[in-house]
Amino acid sequence: MIRPMQLVLYDYYRSSASYRVRIGLNLKGAAYERVPVNLLEGEQRDDAYRARNPQGFVPMLEVDGRRLTQSLAILTWLDVAMPEPPLLPREPVDQSYVRSLALTIAADIHPLNNLRVLKRLAEMGIDQAARDDWYRHWIVEGFNALEALAAPRAGAFLVGDSVTLADICLVPQMYNARRFDVPLGAYPTLVRADAAAAALAPFAAAHPDRVAPAETKS
Ligand SMILES: N[C@@H](CCC(=O)N[C@@H](CS)C(=O)NCC(=O)O)C(=O)O
């Protein structure tokens, strides 16, 4: 008999990189324990956490005690370790396309709006209104490109009619966009794919509102 892996996810409920990994684990039907790391209280910078993850980021996934970091690297491991349902299409060019959509979000939008970047802007004297403008700006730039890239090949989801890594990155980024009141009218493909994916149980169960610590729920 194959021994089940012990999976421990260090995450924060509103972290969109963590949200991606929760979705992936849920899609695979993997059982995992969560260890919340409170980013607003700076727990990611504590010595104890940095000893585990020197980068001071969530998510981090422990797999039988071995530590994996970087959400897309974790999801890549997951897709190899638990191949069903696949997060990528079979055909290599299609795989590259899905990854390109995922990276448009994970590499080109999300890092510019990370907590440490917003904190640095505040340290440089940039006020809240300008920081919010910064946040929206990078989402709008990224979504303009993503809508144009995705529209020709979208189906029920961002790429065709199967959920892929691109949807796993899209749904958390749409959550961020709504939190910051980014107008979404120019992104019909993204809105449609987000609605279809978010309605699926593995996505819904990963939503920040579903995993938020009790004290943050009203
Ligand atoms: N490239 C990393 C980014 C991880 C990341 O940015 N995590 C954020 C939360 S979404 C974080 O831990 N931020 C802590 C900070 O900025 O201090 C990944 O995809 O896992």
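Helices, here, are DSSP runs of H or I with at least four residues, numbered from the N terminus. On this basis, in a model that is predicted, the largest share of the lining of the largest pocket comes from α5, which contributes seven residues. The space in this largest pocket amounts to about 990 Å³, and of the 41 residues that line the pocket, Leu39, His110, Asn113, Asn114 and Leu115 are the closest to its centre. Two or more lining residues are given by each of the elements α1 (16-27), α3 (71-81), α4, α5 (115-123) and α7 (165-179). When divided by class, the lining of the largest pocket comprises 18 nonpolar, 14 polar and nine charged residues.

Helix α4, one of the elements that contribute to this lining, also packs against another helix of the model. Helix α4 (residues 92-106) and helix α6 (residues 128-150) pack with their axes 9 Å apart and at an angle of about 165 degrees. Because angles over 145 degrees count as roughly antiparallel, α4 is described as roughly antiparallel to α6. The crossing of α4 and α6 is left-handed, and the contact between these helices brings Tyr97, Leu101, Thr104 and Ile105 of α4 to Gly142, Leu146, Leu149 and Ala150 of α6. By class, this contact of α4 with α6 is made up of six nonpolar and two polar residues, with no charged residues.

Note on methods
Residues are numbered from 1 along each chain as its sequence is written. This is a predicted model: local features need pLDDT of at least 70, side-chain atom pairs count only at pLDDT 80 or more; totals for chains, interfaces and linings use all residues. Side-chain values use heavy atoms; hydrogens and water are left out. Axes are lines fitted to C-alpha atoms, for helices over the stretch in contact, and angles run from 0 to 180 degrees between N-to-C directions. Angles under 35 degrees count as roughly parallel, over 145 as roughly antiparallel, 65 to 115 as roughly perpendicular and the rest as oblique. A crossing is left-handed if the near helix is turned anticlockwise from the far one by less than a right angle, and right-handed if clockwise. Contact means heavy atoms within 4.5 Å. Ala, Val, Leu, Ile, Met, Phe, Trp, Tyr, Cys and Pro count as nonpolar, Asp, Glu, Lys and Arg as charged, and the others, Gly among them, as polar. On a 1 Å grid over the protein atoms alone, a cavity is a set of points where a 1.4 Å probe fits but cannot get out, and a pocket is an open set with protein on both sides within 12 Å along at least five of seven lines; lining residues have an atom within 4 Å of a point. Grid points are joined across faces, edges and corners, and a volume is the space filled by probe spheres set on the points.
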